[in-house]
Amino acid sequence: MRIAITATGSSIESAVDPRFGRAACFIEVDTETGAWTAHDNTQNLNAVQGAGIQAAQNVANLGVQAVLTGNVGPKAYTTLQAAGIAVYLCQGGLVSEAIEALKAGKLAVADGANVSSHW
């Protein structure tokens, strides 16, 4: 499965970023092969508005099936759901740990946004 994880840096050893739309990076991972690529999110990190929607569209363009993040707002969640992307919430830790938690079945699919917009 191809997934995207919000990250504070450009490595799988970076911390999971608790923000979705304003995450520093997205780490795209193929959970079957372990191959990964970092995608910069600077344009949304400093956006005045619309960061969640734009970030969700960018992630959808990567062709991933799931997103792992600390928090997701209502507009980003709706955009991800419209693209058929599952959202898993994970608190803290490293990107590599979040990947392992997903593979081990320790993360549940979110059934909605867990923060208000402009969090």
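The model is predicted, so local features are given where pLDDT is at least 70, and side-chain atom pairs count only at pLDDT 80 or more, while totals for chains, interfaces and linings use all residues. Residues are numbered from 1 along each chain as its sequence is written, and side-chain values use heavy atoms, with hydrogens and water left out.

Helices (H or I, at least four residues) and strands (E, at least two) are DSSP runs, numbered from the N terminus. Ala66 and Leu68 point one way from E4, Val67 and Thr69 point the other way, and all are buried. Here, buried means under 20% relative accessible area, exposed means over 50%, and partly exposed lies in between (1.4 Å probe, protein chains only).

E4 has partners. Two strands pair if DSSP finds at least two bridges between them. E1 and E4 pair in the parallel sense over three bridges, and Ile5 stands opposite Leu68 in E4. E4 and E5 also pair in the parallel sense, over four bridges; the bridge partner of Thr69 in E5 is Leu89. Between these two strands the chain passes through a helix: E4, helix H3 (residues 74-82) and E5 make a right-handed β-α-β unit. Right-handed means that, with the strands pointing away from the viewer, the path from the first strand over the helix to the second runs clockwise.

Next comes helix H4 (residues 95-103), in which Val95, Ser96, Ala98, Ile99, Ala101 and Leu102 are buried. H4 is followed by Gly105, whose phi is positive, near 75°.

In soluble globular proteins, nonpolar side chains tend to be buried together. A nonpolar core is a set of buried Ala, Val, Leu, Ile, Met, Phe, Trp, Tyr and Cys residues joined through side-chain atoms within 4.5 Å. The largest one here has 17 residues, and those with the most contacts inside it are Ile3, Ile5, Leu68, Val95 and Leu107. E1, E2, E4 and H4 each supply at least two residues of this core, and the largest share, five residues, comes from H4. Apart from this core lies another, of 16 residues, among them Val59, Leu62, Val87 and Ala110. Leaving aside its neighbours within four places in sequence, Leu107 is in contact (heavy atoms within 4.5 Å) with Leu68, Tyr88, Leu89, Cys90, Ala98, Ala101 and Leu102.

Charged side chains remain. The structure holds three salt bridges, each being a side-chain nitrogen of Lys or Arg within 4 Å of a carboxyl oxygen of Asp or Glu. Arg2 forms one with Glu28, the closest N and O atoms being 2.4 Å apart. Arg2 lies in strand E1 and Glu28 in strand E2, so the pair ties together parts that are 26 residues apart in sequence. Arg2 is partly exposed, at 30% relative accessible area, whereas Glu28 is buried, at 14%.

Arg19 forms a salt bridge with Asp17, with the closest N and O atoms 2.9 Å apart. Arg19 is partly exposed at 31% relative accessibility, and Asp17 is buried at 1%. In the remaining pair, the side chains of Glu100 and Lys103 meet at 3.9 Å, N to O. Because they are three residues apart in helix H4, Glu100 and Lys103 are separated by about one helical turn.
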